[in-house]
Amino acid sequence: MAVTVRIPTPLRKLTSDQPEVAAVGSNIESIIENLEANHPGIKERICDESGNVRRFVNIYLNDEDIRFLDGTATVVTDGDEISVIPAIAGG
């Protein structure tokens, strides 16, 4: 399934400064793998060494946080939009 992935500014150096890229896959995990194949180094910024989404990275599928869906097993369909959003902390 072809989807659009919105890339946050800190990761755009890995996508040749493109704010959105196309990716294919059947779920979030396969989308991340496809992103890595096309933009080497992006997976290690999104996922930890165990392959889990990093604690301070949020991934949204059509405005729904995947943590409240099926995590990286969340199914995607043609035309979906995925947003990778780094958490912002401050004090």
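M1 is partly exposed, because its relative accessible area of 49% falls between the limits used here: under 20% is buried, over 50% is exposed, and partly exposed is in between, with a 1.4 Å probe and protein chains only. This is a predicted model, in which local features need pLDDT of at least 70 and side-chain atom pairs count only at pLDDT 80 or more, while totals for chains, interfaces and linings use all residues. Residues are numbered from 1 along each chain as its sequence is written, and side-chain values use heavy atoms, with hydrogens and water left out.

Let us stay with M1 for a moment. This residue sits in the segment before β1; helices (H or I, at least four residues) and strands (E, at least two) are DSSP runs, numbered from the N terminus. Setting aside residues up to four places away in sequence, M1 touches A23, V24, G25, I31, V76, T77 and D78, where contact means heavy atoms within 4.5 Å. From M1 to T15 the distance is 20 Å in space, C-alpha to C-alpha, with 14 residues of separation in sequence.

Now to the sheet. Five strands make up an open sheet with mixed pairing, in the order β2-β1-β5-β3-β4. β2 (20-24) and β4 each have a single partner strand, so they stand at the edges and one side of each is left without a neighbour in the sheet. Two strands are taken to pair if DSSP finds at least two bridges between them. As background, strands of a sheet pair through backbone hydrogen bonds, either parallel or antiparallel.

Both senses can be found here. Strand β1 (residues 2-6) runs parallel to β5, with three bridges between them, and V5 stands opposite I82 in β5. Strand β5 (residues 81-86) also pairs with β3, this time in the antiparallel sense over five bridges; there, Y60 has S83 as its bridge partner. Strand β3 (residues 57-61) is mostly covered, with four of its five residues buried.

On to the neighbouring hairpin. β3 pairs with strand β4 (residues 64-65) in the antiparallel sense over two bridges, and L61 has E64 as its bridge partner in β4. This hairpin has two residues between the strands. N62 lies in the loop between β3 and β4, and D63 lies in that loop too. Most residues other than glycine have a negative phi. N62, although not a glycine, has a positive phi of about 50 degrees, and D63, also not a glycine, has a positive phi of about 70 degrees.

α1 lies across β1, β2, β3 and β5 and runs at about 115 degrees to β2; axes are lines fitted to C-alpha atoms, for helices over the stretch in contact, and angles run from 0 to 180 degrees between N-to-C directions. N38 lies in α1 and is partly exposed because its relative accessible area is 46%. N38 and I88 are 27 Å apart in space, C-alpha to C-alpha, and 50 residues apart in sequence.

H39 counts as buried because its relative accessibility is 14%. Its side chain reaches the backbone oxygen of L14 at 3.4 Å, a polar contact, meaning a pair of N or O atoms within 3.5 Å; within protein, one must be able to donate a hydrogen and the other to accept it, and residues adjacent in sequence count only if both atoms are side-chain atoms. Leaving out neighbours within four places in sequence, H39 is in contact with L14, T15 and V21.

Finally, look inside. The structure holds one cavity of 30 Å³ or more, and the largest cavity has a volume of about 40 Å³. On a 1 Å grid over the protein atoms alone, a cavity is a set of points where a 1.4 Å probe fits but cannot get out, and lining residues have an atom within 4 Å of a point. Grid points are joined across faces, edges and corners, and a volume is the space filled by probe spheres set on the points. The lining of the largest cavity consists of I28, I31, I32, L35, I46, I59, I82 and V84. Its largest share, four residues, comes from α1, and α1 and β5 each supply at least two residues.

Conventions
1 Å grid on protein atoms, 1.4 Å probe; cavity = no way out; pocket = protein on both sides within 12 Å on 5 of 7 lines; lining within 4 Å.
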